[in-house]
Amino acid sequence: MGKKIKKEVEPPPKDVFDPLMIESKKAATVVLMLNSPEEEILAKACEAIYKFALKGEENKTTLLELGAVEPLTKLLTHEDKIVRRNATMIFGILASNNDVKKLLRELDVMNSVIAQLAPEEEVVIHEFASLCLANMSAEYTSKVQIFEHGGLEPLIRLLSSPDPDVKKNSMECIYNLVQELNDLHIEALAVIANCLEDMDTVVQIQQTGGLKKLLSFAENSTIPDIQKNAAKAITKAAYDPENRKLFHEQEVEKCLVALLGSENDGTKIAASQAISAMCENSGSKDFFNNQGIPQLIQLLKSDNEEVWEAAALALAHLTTCNPANANAAAEADGIDPLINVLSSKRDGAIANAATVLTNMAMQEPLRLNIQNHDIMHAIISPLRSANTVVQSKAALAVTATACDVEARTELRNSGGLEPLVELLRSKNDEVRKHASWAVMVCAGDELTANELCRLGALDILEEVNVSGTRKNKFSEAAYNKLLNNNLSLKYSQTGYLSSSNIINDGFYDYGRINPGTKLLPLKELCLQEPSDLRAVLLINSKSYVSPPSSMEDKSDVGYGRSISSSSSLRRSSKEKNKKNSYHFSAGFGSPIEDKSEPASGRNTVLSKSATKEKGWRKSKGKKEEEKVKEEEEVMAVPKFVGEGSSEKEWCPPSDPDFSMYVYEVTKSILPITNIKEQIEDLAKYVAEKMGGKIPKEKLPDFSWELHISELKFQLKSNVIPIGHVKKGIFYHRALLFKALADRIGIGCSLVRGEYGRAWNEVMLQNDSRKGVIGGLPAPEMYVIDLMFHPGGLMKLRSREADLYRFL
């Protein structure tokens, strides 16, 4: 055999690229390969991207950021079946990402994906193409695109596919598609309602007749959600005055009343809210008087507290500044349901119900009716609420309903004052203002005012009024009202009582105290041992000892009787004032026009009788003093009612001398018709009882301090009834003058000065014709001399300078 010869290998052609195996570990590199013209590279690149996308959402986002989506969409229509299949598989996975879905809609690839559902395509392509469409069909815009490109028919055909995944994906996509086949009106109305929040859109909808269509849906539809959304849209549109006018012209009120009768709670709520919005139109407000209010009252009896809130809100708007609607609510038996709503768990419902009750209580007959339904007990829980709106509305309800003694007593006995006082501390301006207003109203009677003070209302209000940011006109008014019901505290704190501050039995002058200092009650002061502290002066004409039998038949004797506390004296005082020519009750009071008096300024007959009465007093005074001397010693000691019983009620010390003073001035000074002469005679009377006229140069020798010390020792107390003081200086005399003047209707103020000074100021008409007001002489202020020239009157021009010379 011959030797084999090796065959030489031919070198490759020079124009052919040698095969290159590439291994890439970067997704970005593979994405670049999607632009390759070679099918094999495209198929392998798609396969690698598919596996990368399966690993999680972050990888899908990465592919989106690397720009893989757009080149992949081109591969959906590639001629090579493997490339087309792999690209379809990728989109089946990527389409679950929201950002990818958005980009696919923009690239308009729906037609290419639907094309993969053709019967000739293999099952794998059907699976991932239907998966892509199922993911896309979750959004409204994609649904429209699938319908427009005829995707529903091939999907239905695939329901007969032997592959379960294909069936599943097709079924899911079809299910999503048929959801829009529902009535679009519900969603459309919701969109319109949102659009109506924009005023430019409102104008556009109004100009195109959209509001009328809105009414048509609300009136004619029987679908609850359509009715509800239509009512919501009406509510938002009704915030514009022009829309309200248009709705009123279209008689939207009838539609809304009809919707209140819906069986759907959401529709009832929406209709109630729409009525609230329409109440800004006065015509609509009047319409709901007979139609609407009764239906809203019925909604307050619903089991749904959200319905309560909406109905009460509508009623609150309807009854505000509208007495007719408030009456309509009462006539519809709305008081009980409204009071029941005050116990709701929804703050909005409570606040709205309280507002309606407040509006109704503006009319006295309705207020009395509300009070009879236990409002004072029901309002306590809202007063304790942690919600500032509820607190504010509840306090306002107290203001409107606690207008008489019975209501305030019920509130006090129910424990309602305590939470009300706590609201005075609120940091919310509205709550603090309304709470102050309520306290001012509740302080209208003495018992409630005293309880408010005991709970700390006066101290809180004093603190509030010191603050420039927290005080308000109601807090100042409430503080003054409380002080006016506690004149002892007012005089100690402010050093001033006006002519309208009437001193009654139980008043005591403790002396000046600093703001924030507690004033001890009279009982505690009476039970204290005497000390070197300033004596406390007590006003008390009440007697706790029966008068002697020999005196009981004498109607003109004042021993042992509470003469000054009777209403007859005040009535006689008022009758006497009607006979005066012109009387000013305070330094800044209003004039009271009365009958004119004789030119002399005094009735001569009455003057003579008054003179005889004075003579009678002088001759009879000594005898009377001897008769009651023993009785006075007994009455000077604090008495107890019910002695011998297990429970003893403390009573303040009696003051028979002061009782006699009241009787005498009532008998002799009250009948005088000239106010100036009344003042002069009363000043002389007071000076006579307090040690007489004291010349200025002899004032240091007037040993009143020793006299007061002796009284303290005698009474074993720092509290001295004013009638016991026989040597008194400025502040003793000024207090006695004010106390007696108040009993007989002489309007005067009491002013505390420095260094034991005090004085009384009265307003009298000017005798001259200067400064005429309305054709009558102008009133002027005078200070009364009770020390140096008793009965003298000094015109007060410059207070500091004049008083310095006078006192």
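Good morning. I begin with helix H34: the elements covering its buried residues include helix H31 (429–442), helix H32 (446–454), helix H33 (457–466) and helix H35 (487–494). Buried here denotes a relative accessible area under 20%, exposed over 50%, and partly exposed the range in between, with a 1.4 Å probe and protein chains only. Helices (H or I, at least four residues) and strands (E, at least two) are DSSP runs numbered from the N terminus.

A word on the basis of these remarks. This is a predicted model, in which local features need pLDDT of at least 70 and side-chain atom pairs count only at pLDDT 80 or more, while totals for chains, interfaces and linings use all residues. Residues are numbered from 1 along each chain as its sequence is written, and side-chain values use heavy atoms, with hydrogens and water left out.

To return to H34, this helix spans residues 473–484, twelve residues, and reaches 16 Å from its first C-alpha to its last, close to the 16 Å expected at 1.5 Å a residue; the expected span is 1.5 Å times one less than the number of residues. Its buried residues are Phe474, Ser475, Ala478, Tyr479, Leu482 and Leu483. An α-helix has 3.6 residues a turn, so residues three or four places apart point the same way.

Contact means heavy atoms within 4.5 Å.

Cys442 is also a neighbour of Arg408, a residue of helix H29 (residues 405–413), whose contacts beyond four places in sequence are Ala402, Cys403, Val441, Cys442, Gly444, Asp445 and Thr448. Is Arg408 buried or exposed? Arg408 counts as buried, because its relative accessibility is 7%. The C-alpha atoms of Arg408 and Thr448 are separated by 6.9 Å, although the two residues are 40 apart along the chain.

I turn now to the sheet. Five strands form an open sheet in the order S1-S9-S10-S11-S12, with antiparallel pairing; two strands pair if DSSP finds at least two bridges between them. Strand S1 (496–497) and strand S12 (793–795) each have a single partner strand, so one side of each edge strand is left without a neighbour in the sheet. S1 pairs with strand S9 (residues 749–752) over two bridges, and Leu497 has Leu750 as its bridge partner. S9 and S10 are joined by four bridges, with Ser749 opposite Glu761 in S10.

Within S9, Ser749 and Val751 on one side and Leu750 and Arg752 on the other are all buried, and both faces are covered. The hairpin of S9 and S10 has five residues between the strands, and there Tyr755 takes a positive phi near 55°.

Helix H43 (residues 730–743) lies across S1, S9, S10 and S11, running at about 45° to S10; the angle is taken between N-to-C directions, from 0 to 180 degrees, with axes fitted to C-alpha atoms, for helices over the stretch in contact. H43 contains Asp742, which is buried, with a relative accessible area of 8%. The side chain of Asp742 reaches the backbone nitrogen of Ile503 at 2.9 Å.

Finally, two loop residues. Cys321, in the loop between H21 and helix H22 (323–331), has a positive phi of about 55° although it is not a glycine. Cys321 is exposed, with a relative accessible area of 78%. Asp374, in the loop between helix H25 (364–371) and helix H26 (375–378), has a positive phi near 65°, and counts as partly exposed at 34% relative accessibility.

Methods. A polar contact is a pair of N or O atoms within 3.5 Å; within protein, one must be able to donate a hydrogen and the other to accept it, and residues adjacent in sequence count only if both atoms are side-chain atoms.
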